Amino acid sequence: MNRVSDDDMVLVPGGSLMTKNPEEGRALALTLARHTIHNIQPDLDILKGGRPNYSSTPDSLIDAARVVAIEFQTIAAANNYWRD
């Protein structure tokens with residue numbers, strides 16, 4: 001099996017949802033979404049083999065964006081919406 005690296009299998013990189021600002025929070029949301037997929041499907045060959053199917057399907061892309069949005073919502077709440 002061509003396996004995802006151990007670094008990409010960590011569910012919460014750095015062990016925290018705290019970020020300095022919304023831009024970093026959004027980047028973390030994307031990372032969390034990717035790591036979730038890697039944990040569900042750690043075989044890179046299978047993962048990459050499915051890309052032609054989902055990368056050109058609007059519904060699949062919208063679903064992926066929805067996952068990132070939910071991750072970002074969680075991060076924003078954890079950061080108290082970056083209020084001082």
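Biologist: Where does S56 lie?
Modeller: S56 is in the loop between α3 and α4. Helices (H or I, at least four residues) and strands (E, at least two) are DSSP runs, counted from the N terminus.

Biologist: Is S56 buried or exposed?
Modeller: S56 is exposed, at a relative accessible area of 56%. The cut-offs: buried is under 20%, exposed is over 50%, and partly exposed is in between, using a 1.4 Å probe and protein chains only.

Biologist: What lies 3.0 Å from a polar atom of the S56 side chain?
Modeller: The backbone oxygen of P52. A polar contact is a pair of N or O atoms within 3.5 Å; within protein, one must be able to donate a hydrogen and the other to accept it, and residues adjacent in sequence count only if both atoms are side-chain atoms.

Biologist: What kind of model is this?
Modeller: This is a predicted model: local features need pLDDT of at least 70, side-chain atom pairs count only at pLDDT 80 or more, and totals for chains, interfaces and linings use all residues. Residues are numbered from 1 along each chain as its sequence is written, and side-chain values use heavy atoms, leaving out hydrogens and water.

Biologist: And what is the mean pLDDT?
Modeller: The protein's mean is 93, and 98% of its residues reach 70 or more. pLDDT is the predictor's confidence in each residue, from 0 to 100.

Biologist: Where is confidence lowest, and where is it highest?
Modeller: Lowest in helix α3 (residues 51-54), with a mean of 88, and highest in α4, with 96.

Biologist: Let's look at α4, then. What span should its 21 residues have?
Modeller: Helix α4 (residues 58-78) should span 30 Å at 1.5 Å a residue, and its end C-alpha atoms are 30 Å apart, which agrees. The expected span is 1.5 Å times one less than the number of residues.

Biologist: Which residues of α4 are buried?
Modeller: V68, I75 and A76. They cover an arc of only 95 degrees around the axis, so they sit on the same side of α4. That arc is taken from the directions from the helix axis to the C-beta atoms.

Biologist: What does the face turned away from them carry?
Modeller: The exposed residues D59 and Q73.

Biologist: What covers the buried residues of α4?
Modeller: The cover includes α1 (22-40). In turn, α2 (44-49) and α4 are among what covers the buried residues of α1.

Biologist: Which residues are buried in α1?
Modeller: G25, L28, A29, L32, A33, H35 and H38. At the start of α1, a side-chain oxygen of N21 comes within 3.1 Å of the backbone nitrogen of E23.

Biologist: New topic. Where is N79 found?
Modeller: In the segment after α4. N79 is buried, at 7% relative accessible area. A polar atom of its side chain lies 2.8 Å from the backbone oxygen of I75.

Biologist: Which residues does N79 contact, leaving aside neighbours within four places in sequence?
Modeller: L17, M18 and T19. Contact means heavy atoms within 4.5 Å.

Biologist: How many aromatic pairs does the structure hold?
Modeller: One. The rings of F72 and W82 have centres 5.8 Å apart and planes at 20 degrees, so the pair is stacked. Rings of Phe, Tyr and Trp (its six-membered ring) pair if their centres lie within 6.5 Å; planes under 30 degrees apart are stacked, over 60 edge-to-face, and the rest tilted.

Biologist: Are those two residues buried or exposed?
Modeller: F72 is partly exposed, at 24%. W82 counts as buried, at 19%.
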